[in-house]
Every structure is written in structure tokens, then in C-alpha cells.
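Let's take a walk through this fold together, one piece at a time. Keep the viewer open as you read, and turn the model whenever a new element comes up.

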Amino acid sequence: MAGRERVVYLLKQLHRASCMCPAHSHTYSQGTESAALGKTDYAFEMAVSNIRYGEGVTKEVGMDLQNMGARKVCVMTDKNLRQLPPMKAVLDSLTKNGITFKIYDNVRVEPTDQSFLDAIEFAKKGEFDSYLAVGGGSVIDTCKCANLYASSPESEFLDYVNPPIGKGKPIKVTLKPLIAVPTTAGTGSETTGAAIFDYKKLKVKTGIASRAIKPSLGLVDPSHTLHMPERVAANSGFDVLCHAIESYTALPYNKRSPCPTNPENRPAYQGSNPISDVWAIHALQIVAKYLKRAIRDPEDREARANMHLASTFAGIGFGNAGVHLCHGMSYPIAGMVKNYKAKDYPVDHSLVPHGLSVVLTSPAVFTFTAPMCPERHLEAAQIMGANTNTAKVKDAGLILADTLRKFLFDLNVDNGLAALGYSKADIPSLVKGTLPQERVTKLAPRPQTEEELSALFEASMKLY
């Protein structure tokens, strides 16, 4: 009980410290003065892969590659998935349509810089003219990077990695076609130009973000999600949940700075915008209705199919709006993993699944960000089941936090970061690992100091 009281105290302190000035109101008024001065952006653009949805649609992948004129295809997956029905469906289609291919199944769940480099080496040696990723975000992201660096063989690995860890160079080479067949309902990687990995040297996650690496086509086949174990379905779903709320509550695109001097420099993650909002809210509505069902009953085809759609919808939303603090703070949580072994993940290394690392900070984060756009936080709480009829705007963060905490408790989620092996002594390192994640943390509607990040991590040590 003392732990719970401490969490409530920290959340209230963060809430009271919030800035309520008009400059942080969450609207889309263009702010012509700042736009004229070139300080903030004035436009946003939508980029998304072509998406084809339908049960059994995987059987078309061989025809798609044939239509593309593919002669030598790199098929990427992981060792577990290679034995499962999604890969059988893919290989049957490739064989039936006479496609020549080579399989790379050494993808690491939660990739590292080294596992990316291994895949890149395979791609360079193979001289492939097309790529096919069959798996979750780890597989699709690995395939994106293999395609990128095989298409730009003279580039150093850090050339395209997000700053400040990498150089963040714009991608100007032409990549080969890439088809993604997602088998989890979480990352939305089939829709986005993002590829995330653990940078072992610093024990943090980082990645590459560019529209240039997004798949040419995503084949969203809900039959593949029937093979997800319970905890994989849960953690994947938590990623969808946070993609939706974070993109909806992100800094508005016309308050993001600097304004690019050339449209090619406009980032993939641009801030919340009217089009991404539509996808984010619809994804959140699906999560509220179907996620618990999808976790509790793997045979619930309706729930699993709808969560697969929600993953894609949220991917379209956050792939253009971006995410913020839950994801920024998650990268050191996953990167600094100690001995935590996640249930239902058949891997031989310690692992904090991405969706779990993201969702555990969500109650604290949304309490912190709510004063910047309280109506949006209340709307998210209402969608997730809270009664907001008599709610006060000033309580938006605490209401959403309590709603999320109850949702996680009902699904038997680990009781905060402490359950993953972290303690108060780890907070300085977790903060240090968050600071380089400016690509996403700067999209939070409220700026944050190191002290505030420390308080957010402390408030996330125990949830219940």
C-alpha cells in the first residue's frame, strides 16, 4: 500500500508542476506569425505502404513478386516462425509461382546492431532484387535495414541511424521492393519507415526513421495472428495501445520546430495532425473492444483479426505523427535488461518485450502530459472505459492513468519496472538512456527535464 501511495504522490506532484499557459493549447490553428518566421512547421504529409487485408491473402505473395519481375528474393524470418503456418503459406505461394528465393532465419527477437549487421551481410552477398519479411516488427525492421544497406553498400552503419547516436543522413539511394507479411498485431511496421534496434554499446534502443525504407506492400493476413501465444498477443497489443494514445497526444505538427528548409528534410514523425488523429482514435476504439478478448482466447478469430487491423491503423497514425515519452523511455528499459525472461517468448537471451517496456510507464507519462491537451487525454480515457461525464479537465491525467492501471491489472501485467528487476538505483542510467531519444521525446506535448524524467521512472517502479 505504501508503494501505491508513493506512486499517487509522485503523479500528483508532476500534475501540479504542469504548465497551463495558452502556448501549450492543443489546437491546429496555423499560428501564421511563427510559420512566417520559419520557427515551426506549417505542413504535414502522409506516407504509408500499400496495404492489402484479408484472411488467406498471403497466397498472393508469389504472384506479387512475379508481377514485380523478381528474380532472386531474400525471405527473412526467425527460427521459430520458420516452423509455423505463416511461413508455410508464404513458401507454398513462392514455389507455386516459380519464385527463386533464399531464406534468412537468423533474425533476433528485439534486434541489436550486430544482428542487423549480420542480416545486412547476408543481403549484400545475396545480391537480391526483392525482399520479403515474414514475422513481427523484429523481422520487418531487420529486413528494412538489410535492404537499405545492401542498396547503399558504401555507407557506414551509423550513417542513417537517428542522431545523436548516428549521423541521420537523408536516404537518397533507391531501395529494392520489400513486401511485409506481419504475424503479430502490434508494431505496425508493415506501414512505417522506422526500424528499431538495441545499440549494445550504449545499452539503449535507437533506429532509423525514413519514408524511404517503408515496405512497398504489406499483406495483412489475420489468420497469422492465431499462432500468437497469450503474452505475445498482450505485449503486441500494448504497443498498439501506446502508438494510438501517444500519436494522438503528440505535439501538434504546426508547433514542431524547426521548420524544414526543404521538404525532403521534413521528419517521418511530424507531430499529431488531423489525418493521423483519425487512425489513432479508431485504433484505440478497437483496442478497447477487442484486446482483452484477443489475449484471453487465441481462438477468438474476430478479436484477433480486429487487433491485426488496429495494429495497421495505429501504424498509419504514428508512422506520420510519431510517438513520444512512453516509447522514448522504453528504449533504455529494454536496452538495459538484466535477467528478465518474458513468458511465451522462445529465445535464449534476457528480454523485455517492446510493448511491455512501453506500457509500464504509460500511467505516469499521461499524467505528466495531460495538462497540455487535457481534452484528448479525457477522450482516450473515455474510449478505454472511464466514465468522464462529470470529470474535471484538471484531472484528465489522473483519470487516464487510473483507467490504464486497471486495464493492465486485469490483464496480469507485471507490477511496474521493479518486477523487471529495476530499482531506484537504476533511475540515473534509465534517464541517461532516454536523453538521446530526442527524435521521439521532443514530440511530447510537454518538455521534460532530467529531474522530471527521474520522477516518471520512479512513479513507474510500481503500478498497483
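Two strands count as paired if DSSP finds at least two bridges between them. Helices (H or I, at least four residues) and strands (E, at least two) are DSSP runs, numbered from the N terminus. Before we use these terms, a word on what you are looking at. This is a predicted model, in which local features need pLDDT of at least 70 and side-chain atom pairs count only at pLDDT 80 or more, while totals for chains, interfaces and linings use all residues. Residues are numbered from 1 along each chain as its sequence is written, and side-chain values use heavy atoms, with hydrogens and water left out.

Let's begin with the sheet. Six strands form an open sheet in the order E1-E8-E5-E4-E2-E3, and their pairing is parallel. At the edges you will find strand E1 (50-53) and strand E3 (101-104), each of which pairs on one side only. On average, neighbouring strands of this sheet are turned by 20° against each other, direction ignored. Angles here run from 0 to 180 degrees between N-to-C directions, and axes are lines fitted to C-alpha atoms, for helices over the stretch in contact.

Now zoom in on individual strands. Strand E2 (residues 73-76) runs parallel to strand E4 (residues 130-135), and four bridges join the two. Here Met-76 stands opposite Ala-133 in E4. E4 also pairs with E5 in the parallel sense, over five bridges, and Leu-132 stands opposite Ile-179 in E5.

How many of the residues of E5 are buried? Five of its five are, so E5 is mostly covered, where buried means under 20% relative accessible area, exposed over 50% and partly exposed in between (1.4 Å probe, protein chains only). In a regular strand the side chains alternate between the two faces of the sheet. E5 has Leu-178, Ala-180 and Pro-182 pointing one way and Ile-179 and Val-181 the other way, all of them buried.

Helix H6 (residues 137-151) lies across E2, E4 and strand E5 (178-182), and runs at about 165° to E4. H6 also packs against H5, at an angle of about 50° and with the axes 8 Å apart. The contact (heavy atoms within 4.5 Å) is made by Phe-116, Ala-119, Ile-120, Ala-123 and Lys-124 of H5 with Asp-141, Thr-142, Cys-145, Ala-146, Tyr-149 and Ala-150 of H6.

The axes of helix H3 (residues 61-68) and helix H4 (residues 85-96) come within 7 Å and cross at roughly 45°. H3 is therefore oblique to H4. In this pair, Val-61, Gly-62, Met-63 and Leu-65 of H3 meet Val-90, Ser-93 and Leu-94 of H4.

Finally, visit two covered helices. In helix H10 (residues 325-335), 11 of its 11 residues are buried, including His-327, Tyr-331 and Ile-333. Helix H12 (residues 362-369) is mostly covered too, with eight of its eight residues buried; among them are Phe-366 and Phe-368.

How values were computed
Angles under 35 degrees count as roughly parallel, over 145 as roughly antiparallel, 65 to 115 as roughly perpendicular and the rest as oblique.
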